[in-house]
Amino acid sequence: MTKPTSNLLDSGPTRDTDPDTGTDTQDRKWWLWLAVPAASGIGLGLAWWLLAPGGLNVISGNPALADPTASAGRLPRDLVLAGLLLLSGCFTAVLLDSKVRKPGHGLRTFLAVLGGAAGALVAWQVGLLAAQWWGPAANGSEGFTLRAATALLLWPGATALVTFLLTLFSLMGKQPEAPPLAP
């Protein structure tokens, strides 16, 4: 008789298991840190169009800013998207901070930053699409657009910076380990 061979895919390093439940404590849903921020860009893009001047203009309600071709609405329109992306980056970092003690924190952070970059691009494109569907017709580069493309870096940048700061503060709050006592 032959001995059954182990599966090569399962022969990796041993995984951490919870002694009480016997379940695997390693984060198996790592792909969610990439997919959820990217998918939430759809909602942010719609919110950008709803709130910003040139879109539905819900924040100010100023009829002078309702025209997407008005130059007075360009900066507030970019700032609305920048604020939404900054808030999303901070929220993502706070969610990451709750899992600092679990293994794979670096991978989750990397995927969340990539997901934030993808979510920012999705939000920008969804906002432009909403303006084409439901906004007044505009010709050329005039209309509901993003003038400051660097605003798209706020979500991944805020995620990385706030995660770094929260991790640093949690490490600063730890008590140093006591040296072992000599016999």
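This is a predicted model: local features need pLDDT of at least 70, side-chain atom pairs count only at pLDDT 80 or more; totals for chains, interfaces and linings use all residues.
Colleague: Why is Leu 81 called buried?
Modeller: Buried means under 20% relative accessible area. Leu 81 has 0%, so it counts as buried. You'll find Leu 81 in helix H2, which covers residues 74-97.

Colleague: What does Leu 81 touch, leaving aside neighbours within four places in sequence?
Modeller: Trp 48, Ala 123, Leu 146 and Leu 152. For a contact, heavy atoms have to be within 4.5 Å. There's also a C-alpha distance to look at: Leu 81 and Ala 120 are 39 residues apart along the chain, and their C-alpha atoms are separated by 9.1 Å.

Colleague: Which residues touch the most other members of the largest nonpolar core?
Modeller: Leu 81 is one of them, along with Leu 44, Trp 48, Leu 84, Leu 85, Phe 144 and Leu 152; the core has 18 residues. H1, H2 and helix H3 (105-134) each give two or more residues to this core. H3 has the largest share, with five.

Colleague: And what is Leu 44 in contact with, not counting residues up to four places away?
Modeller: Leu 84, Leu 85, Ser 88, Ala 123 and Trp 155.

Colleague: Why is Leu 168 called partly exposed?
Modeller: Partly exposed lies between the 20% limit for buried and the 50% limit for exposed. At 32%, Leu 168 falls in that range, so it is partly exposed. Leu 168 sits in helix H4.

Colleague: Which residues form the nonpolar patch on the surface?
Modeller: Leu 168 belongs to it, with Leu 161, Phe 164, Leu 165, Phe 169 and Met 172. Together they have about 610 Å² of accessible area. To join such a patch a residue needs over 30% relative accessible area, and Leu 168 has 32%.

Colleague: How do you know where to be careful with the model?
Modeller: Where pLDDT is low, the coordinates should not be read in detail. The chain averages 82, and 80% of the residues score at least 70.

Methods
Residues are numbered from 1 along each chain as its sequence is written. Side-chain values use heavy atoms; hydrogens and water are left out. Helices (H or I, at least four residues) and strands (E, at least two) are DSSP runs, numbered from the N terminus. Buried means under 20% relative accessible area, exposed over 50%, partly exposed in between (1.4 Å probe, protein chains only). pLDDT is the predictor's confidence in each residue, from 0 to 100. A nonpolar core is a set of buried Ala, Val, Leu, Ile, Met, Phe, Trp, Tyr and Cys residues joined through side-chain atoms within 4.5 Å. Patches are made of residues with over 30% relative accessible area and no salt bridge: like charges are joined within 9 Å, nonpolar side chains (Val, Leu, Ile, Met, Phe, Trp, Tyr) within 5 Å. Accessible areas come from the Shrake-Rupley method with a 1.4 Å probe; for residues, only the protein chains shown count as cover. A salt bridge is a side-chain nitrogen of Lys or Arg within 4 Å of a carboxyl oxygen of Asp or Glu.
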